[in-house]
Amino acid sequence: MEAIQNLSLSEKIQLHIYRTKPVLNLQALFTDGSMNYVQPMEPNPGETVTIRFRTARDNVEHVYICLNGEQREMQVSTRTDQFDFYQISFEIGEEMLDYYFEIHSGGKRCFFNKKGPTRDLEPFFNYKMKPGFHTPDWAKSAVFYQIYVDRFANGDPTNDVLDREYIYIDEPVSRVTDWGKYPAQMGVREFYGGDLQGVLDHLDYLQELGVDVIYCNPIFVSPSNHKYDIQDYDYIDPHFGKIVVDEGEVLPEGARDNHRASKYISRVTDKRNLEASNEFFVHFVEEIHKRGMKIILDGVFNHCGSFNKWMDAERLYENQYGYEKGAYVDANSPYRHYFKFYNEELWPYNEDYDGWWGHKTLPKLNYEESRQLYDYILDIGRKWVSPPYNVDGWRLDVAADLGQSGEMNHQFWKDFRKAVKTANPDAIILAEHYGDPGEWLQGDEWDTVMNYSAFMEPITWFLTGLEKHSDEKRSDLLGNTQAFKDAMIYHMSRFQYPSLMVSMNELSNHDHSRFLTRTNQTVGRTNSLGPEAADQNVNKGIMRAAVMIQMTWPGAPTIYYGDEAGVTGWTDPDNRRTYPWGHEDQELIRFHKDMIHIHKYHEALMKGSLKYLQGGYKVIGYGRFTDHEKMIILINSGFDEAKVKVSAWEVGVTEEEDMQQIVISNEESYSLEPTIYPVRGGVLEITLPKISAILLKAVPSREKQQMKAKEAIRSNQRIY
């Protein structure tokens, strides 16, 4: 007994642990697929991989890793005052690696995978790693900026679409002269004049904002303002590029077809205009690259447009020099099998063809019956990422729809990846996809996706209670912390970590309502409430909270042009309003600039692990951390103050550290004032204002350091 009494406090604790079965500290258990716990994060076959796993100090007896069903014991490699870090190294083969962890403590065991600690293993959530799978380093945590070109800036009025230049979906197109006009309900044939020169003119603005990558909606020759109905994949649309030969006339009043659309035909079929536009695009990309920025293009390869030179349903190319007859025009067209026709008796001018979702303006491409088409699109994929264009990758429209079968779809994207990566190994392949993308993210097809399920949707439901189109309201999901966490864990589990780090994390885009409009928590569209209602009762505090999450979440934060300037709008077409040059919300722009700077400055936000922390009713909390930097983010979506206790120790905050406020926002504004919040016993107690978001960073505590120094002095005095 006397011997025990003479032990130090730490020795007594160790003796207690030895004599009693430890209670497993589930909150301390942690690992993920980041470079903090997996080295290298993107191994090649034959490389040695080291994987780490964290437990509380002296809290467990064994940690096993189960690699493709084979169990191996891990060993403690390093220790801190708080944690033990178990580690194992092994040579990786060529097959996909599936793994999880098994922890033994006090005669009990639990499992750990992407779902966290669990008594019952669910293999769905296991970690996966494909040897040889790499995503571009430049895209990891990069800030993307999406531009709908017709609505961003008009830099060259000479290439504007003119009134009655041609017929599109039964009516003449129109030129909009009022830049601030709300888009019409059927606004697909309205043109505001935005072009690539307009983007070029504002590169200074984008660079100052902090943008790393520009993503342009389609810019190839197309008749609509959205340009998802490609007319010619080989050329930039002269209405976005350069018109050097401007012959012909617009359609006369009363014209019902495009036979006499001689000005449009000249503008988009004359090779002098097409070549000049491609040459201008080379210059455009060079200017972007000079600034250290990247650019990716929109690849629409599931369908084209009825105006397309291969189909020529508008008969624009029928009599033009240098063009073959289109499949609509002639049964003997070299493009006959690029499309699926149902009635062989209708030529010439066969209207009975397969349109995507039944839309005759969007003929679906028929890869199964045309190897020539298959190879042509692979060549297009190569062409634009190669010299002289040197684009940095593709965003793939409705990529899961391509082909008539799943087998064809997967084979095409495998071949597309090989073609693009061979031409430009650093190019990104980023797909539009709703739902589970897992089967395309096995390392041999797409790099990543537009992150709807694991970003835009959970954040929208939690902060606004609305569906991303503003079409549905769910009060049960508004402020529902558990639903947010469950959705994120479930959908993020479908990504390998390299895919997650480059996923496009958007709040808004061209297909959904503007996020700022969603903050009014109103169900509506232009046709039901009118465009003005999208501007009303918005909450910039909620918008700032969303941006705080966007800039602190794993992935590539992606700003839809004008979101940073306060642009509102219902879903398509109202979400495609013009950028408000001269009428921007300057404070919101400053907030975006500051948050982008913070995002880029902190290693934890660029490369750190993510761990969910205890929040509360309408409060979410999470940490981003590395071995060297620890940050905590807290979001209060409620209209009341929230007092919360956060286990800061879970992200590695030590007894010698407190938390320093980096930025805080509320309904009225935001502040960068570096306030200090004390941490006691590893716990941060803080009161969050209503509708607020706060980012905190662990810093050495002056008070605790001074106390430690005084204690050391007193100890020395006693010794000597």
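**Salt bridges, helices and a sheet**

Analyst: Let's start with one residue. Glu432 is buried, with a relative accessible area of 5%. Keep in mind that this is a predicted model.

User: Which residue does the side chain of Glu432 meet in a salt bridge?

Analyst: Arg395. The side chains of Glu432 and Arg395 come to 3.4 Å, N to O.

User: Is Arg395 buried or exposed?

Analyst: Arg395 counts as buried, at 0% relative accessibility.

User: And where do Glu432 and Arg395 lie?

Analyst: Glu432 is in the loop between strand S21 (428-431) and strand S22 (448-449). Arg395 is in strand S20 (residues 393-396). So the pair ties together parts that are 37 residues apart in sequence.

User: How many salt bridges does the count come to?

Analyst: The count is 56 salt bridges.

User: Give me another one. What does Arg151 pair with?

Analyst: Asp150. Their side chains form a salt bridge of 2.8 Å, N to O. Both Arg151 and Asp150 are buried.

User: What about Asp270, which residue is its salt-bridge partner?

Analyst: Arg272. The closest N and O atoms of Asp270 and Arg272 are 2.8 Å apart. Asp270 has a relative accessible area of 16%. The cut-off for buried is under 20%, so Asp270 counts as buried. Arg272 has 48% and is partly exposed.

User: Which residues are linked in a network of salt bridges?

Analyst: Arg57, Asp58, Arg79 and Asp84 are linked that way.

User: New topic: helices. At what angle do H5 and H6 cross?

Analyst: Roughly 50°. Helix H5 covers residues 262-269, and helix H6 covers residues 271-290. Their axes come within 5 Å.

User: Over how many bridges do S32 and S33 pair?

Analyst: Two, in the antiparallel sense. Strand S33 spans residues 683-688.

User: Last one: which residue in S33 stands opposite Arg680?

Analyst: Val683 stands opposite Arg680.

Note on methods: Residues numbered from 1 in each chain as written. Predicted model: local features only at pLDDT ≥ 70, side-chain atom pairs only at ≥ 80, totals over all residues. Heavy atoms only, no water. Salt bridge = Lys/Arg side-chain N within 4 Å of Asp/Glu carboxyl O. Buried < 20%, exposed > 50% of the residue type's maximum accessible area, 1.4 Å probe, protein only. Helix = DSSP H or I, 4+ residues; strand = E, 2+ residues; numbered from the N terminus. Axes fitted to C-alpha atoms, helices over the stretch in contact; angles between N-to-C directions. Pairing = 2+ DSSP bridges.
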